Amino acid sequence: MSGAGKTVCVTGASGYIASWLVKLLLAKGYTVKASVRDLSDPKKTEHLLALDGAKERLHLFKANLLEEGSFDSLVDGCTGVFHTASPFYHAVTDPQAELLDPALKGTLNVLESCAKTPSIKRVVVTSSLAAVAYNRTPRTPDVVVDETWYSDAEFCRENKVWYLLSKTLADEASWKFVKEKGIDMVTINPSMVIGPLLQPTLNTSAEAILNLVNGAQTYPNATFGWVNVKDVADAHILAFENPSANGRYVLVERVVHNSQLLKTLCELYPTLPLPKKCADDKPYVPTYQVSKEKPRTIGVNYTPLEVSLKETVDSLKEKGFF
């Protein structure tokens, strides 16, 4: 399906996933209204304005997640809205102001604007595996996580995992809101997202790879799901264009422990000084499985983890991060 003649909007357009989403939407012929926090910051705008088709069909707007009505003019006249704007970082001093409010209030503000705009056919929200897999059910190699799982806000609070909590609360509130207002919403719930960077700044998930290849002595005892940024951006468009798309789509190409990730990195880059030792002596955090069935129904294809890792390291190198 071609996007020619159709106008869509992307919030938080300068972000990692959103930049790729804007690129792919422009390539399909869509006109894109995109929000950034600061129009005068070249780090947020230059890479977007340089994309193919941007001159003719990309319109940048300033919008603040916490300001009611600030998305009204952005979504006006759009048939689709892609809401990606939500902060993702780990070192927080004030979780409420830095993560919880922007994720929760920001998502509801965007949805409020959508509720007032009859031209909108569907809203696609970038959620996260954070809103799916973190509850009291142990994740072990024989466990299969899928779209029917929900993270437990209390569990996230007890463990002080504020980013996970922010995505869980936003997920709960947005589903409740769209049900009441009759909005057609689909969410994309990716795990750790890696692959080439379009934006000039370092994002949190690419930083996780940078920390492993940048001369670290040890690696964290951690297990994560991984998925390529291009596949995630593509899944957003598939979820918008496919009439049968509904509910949540959990995107994970593979779940691996950091030790396995380093084994692959070692094969790809034998000369890099990679850490050989785990940061603690505890048993490795177990891996688990994530179902790929539902994403397949809308045409999602995954880039193999090995390719994603190579793209990430090469991109980090090219952008001068190490």
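How many helices and strands are there in the protein? In this predicted model, the protein holds 12 helices and 14 strands. The radius of gyration is 19 Å, close to the 20 Å that the globule rule gives for 322 residues, so the protein is as compact as a globular protein of that length. The C-alpha trace spans about 55 × 40 × 40 Å along its principal axes.

Of its 322 residues, 54% count as buried. Among the contacts with a separation of 6 or more, 79% are accounted for by residues 24 or more positions apart. The accessible surface comes to about 14,300 Å², and carbon and sulfur atoms make up 53% of that surface. The protein carries 35 positive and 36 negative charges. The mean position of the positive charges and that of the negative charges are 2 Å apart.

Ser191 is placed in the loop between strand E7, residues 185-190, and strand E8, residues 192-194. Its relative accessibility is 11%, and because the limit for a buried residue is under 20%, Ser191 counts as buried. A polar atom of the Ser191 side chain lies 3.1 Å from the backbone oxygen of Gly225. Gly225 is also one of the residues that Ser191 touches when residues up to four places away in sequence are not counted.

Ile17 belongs to helix H1, which covers residues 16-27. With a relative accessible area of 14%, Ile17 is buried. Leaving out residues up to four places away in sequence, Ile17 touches Thr126, Pro190, Val193, Val229, Val232, Ala233 and His236. Ile17 and Asn203 are 186 residues apart along the chain, and their C-alpha atoms are separated by 9.9 Å.

Asn203 itself is found in the loop between E8 and helix H8, residues 204-213. At 12% relative accessibility, Asn203 counts as buried. Its side chain makes a polar contact of 3.2 Å with the side chain of Ser205. With residues up to four places away in sequence not counted, Asn203 touches Tyr16, Val193 and Leu197.

Lys160 lies in the loop between helix H6, residues 153-158, and helix H7, residues 162-181. The relative accessible area of Lys160 is 57%, and because a residue is exposed when this value is over 50%, Lys160 counts as exposed. Most residues other than glycine have a negative phi. The phi of Lys160, however, is near 55°, a positive value in a residue other than glycine. Lys160 and Pro95 are 65 residues apart along the chain, and a distance of 9.3 Å separates their C-alpha atoms.

Technical notes:
Residues are numbered from 1 along each chain as its sequence is written. This is a predicted model: local features need pLDDT of at least 70, side-chain atom pairs count only at pLDDT 80 or more; totals for chains, interfaces and linings use all residues. Side-chain values use heavy atoms; hydrogens and water are left out. Helices (H or I, at least four residues) and strands (E, at least two) are DSSP runs, numbered from the N terminus. The radius of gyration is taken over C-alpha atoms; the globule rule is 2.2 Å times the number of residues to the power 0.38. Buried means under 20% relative accessible area, exposed over 50%, partly exposed in between (1.4 Å probe, protein chains only). Contact means heavy atoms within 4.5 Å. Accessible areas come from the Shrake-Rupley method with a 1.4 Å probe; for residues, only the protein chains shown count as cover. Lys and Arg count as positive and Asp and Glu as negative; His and the chain ends are not counted. The place of a charge is taken as NZ of Lys, CZ of Arg, CG of Asp or CD of Glu. A polar contact is a pair of N or O atoms within 3.5 Å; within protein, one must be able to donate a hydrogen and the other to accept it, and residues adjacent in sequence count only if both atoms are side-chain atoms.
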